[in-house]
Amino acid sequence: MSQNDNIVLSMNCDNDYIILMAALLKSIELHHQTPEHIEIYMAGNKISEISKQMMHHSIDREMFTIHWLNMEDVVPAGMTLPLDRNLFPPTIYMRLFMPYVVPTDVKKLLYMDVDMIIQEDISNLWNTDISDYVVGAVVDCRVTTLDNHWGGVLNYKELGLDGKHPYVNSGLQLMNTAKWREEGMAQRIIDAINNNPKFAEYAEQYALNTILPTVKWLQLPAKWNHFSTEERIAEDGIIHFISRKPIHASYGGKPVYKDVFYYYADQTAWSHTKKVGEIKRRLKKIGIVIDKIKRRFS
């Protein structure tokens, strides 16, 4: 099977969230029935060699190939990370650059946040035809349009955008790599954040939603990005653990999804990992802020 026949995924995280990636890959593995090999481009920040070894021991290595990439090596020449004011780590921006990283014969790329679990064969999503689109994404179940005052594009009027345009969650994106590059999506997203920092609370998600009204994109079915906080319990598609993760002592999603997560996590080298307390979680956020301040004045 040629590389172009593979299912090609991109992900990003740091060493603290590597357990989430392990559970996600295990869920992919146990549901994948079609013959495609799965290739993963992981752009990480300080992923330890021990974690990499644990990951390789946790998955079917006949099914997966993981390319471990350093965050610093992923950003294309001439581009720099935006100077944002939010609490997200810089790894979130790596998704923007993956269409520049994968080989040129890779025409399609599925980006997934690592805080997800899939409940059916990933090929069902992968086989979506996006040949005529820049990207496919799911409309956010809480913030459905740009004019939502809670978390939409609050300056949509100043940007000349239709407030009723759908607002997507950026945690899952099926990318047409050639069209992503042709449209200059990565630089446009960076510019949108730098030009509107006080509105970019949700970082690249904000920026992506300012650009989608100007390109051809595909709205994917809601089941491919089902939030763990939703009242309706999903038994197929993808569960997305927004906000507090199942590894956090302060997890706030539906309890059934926490059980689903640990069903897969406990089949990896991270089985029975101790929960992350709230103090440690908050210290991690403080560390992110300090690092961003240092970068701003460096």
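Trainee: Hi! Which residue in strand 10 is the bridge partner of His-226?
Mentor: Hello! That partner is Ile-239. Keep in mind as we go that this is a predicted model.

Trainee: Okay. In which sense do strand 9 and strand 10 pair?
Mentor: They pair in the parallel sense, over two bridges, and strand 10 covers residues 238-240.

Trainee: And what's the strand order in that sheet?
Mentor: The order is 5-10-9, in an open sheet of three strands with mixed pairing. Strand 5 (116-118) and strand 9 (226-227) are at the edges with a single partner strand each, so one side of each has no neighbour in the sheet.

Trainee: Which strands does helix 9 touch there?
Mentor: Helix 9, residues 255-265, packs on the sheet and touches strand 5, strand 9 and strand 10. Its direction makes about 75 degrees with that of strand 5.

Trainee: Switching to rings: how many aromatic pairs are there?
Mentor: The count comes to six aromatic pairs. One of them is Trp-150 with Tyr-202: the ring centres are 6.5 Å apart and the planes are at 40 degrees, so this pair is tilted.

Trainee: Where do Trp-150 and Tyr-202 lie?
Mentor: Trp-150 is in the loop between strand 6 (135-139) and strand 7 (168-176), while Tyr-202 is in the loop between helix 7 and helix 8, so the pair ties together parts 52 residues apart in sequence. Trp-150 is partly exposed, at 49% relative accessibility, and Tyr-202 is partly exposed too, at 26%.

Trainee: What about Phe-241 and Phe-261, how are their rings arranged?
Mentor: Those two form an edge-to-face pair, 5.9 Å centre to centre with 80 degrees between the planes. Phe-241 sits in the loop between strand 10 and helix 9, and Phe-261 in helix 9.

Trainee: Are those two buried or exposed?
Mentor: Both Phe-241 and Phe-261 are buried. Ring pairs also link them with Tyr-251 and Tyr-262 into a cluster.

Trainee: New topic: which residues of helix 7 are buried?
Mentor: In helix 7 (residues 185-195) they are Met-185, Ala-186, Ile-189, Ile-190, Ala-192 and Ile-193. They cover an arc of only 160 degrees around the axis, which puts them on the same side of helix 7.

Trainee: What do they pack against?
Mentor: The buried residues of helix 7 pack against helix 4 (94-101), helix 6 (177-182) and helix 8 (203-211).

Trainee: Last one: how many bridges join strand 2 and strand 3?
Mentor: Seven bridges, with strand 2 (residues 38-45) and strand 3 (residues 64-70) pairing in the parallel sense. The chain gets from strand 2 to strand 3 through helix 2 (residues 49-58), in a right-handed β-α-β crossover.

Note on methods:
Residues numbered from 1 in each chain as written. Predicted model: local features only at pLDDT ≥ 70, side-chain atom pairs only at ≥ 80, totals over all residues. Heavy atoms only, no water. Pairing = 2+ DSSP bridges. Helix = DSSP H or I, 4+ residues; strand = E, 2+ residues; numbered from the N terminus. Contact = heavy atoms within 4.5 Å. Axes fitted to C-alpha atoms, helices over the stretch in contact; angles between N-to-C directions. Buried < 20%, exposed > 50% of the residue type's maximum accessible area, 1.4 Å probe, protein only. Arc of directions from axis to C-beta. Right-handed = clockwise from strand over helix to strand, strands pointing away. Phe/Tyr/Trp six-rings, centres within 6.5 Å; stacked < 30°, edge-to-face > 60°.
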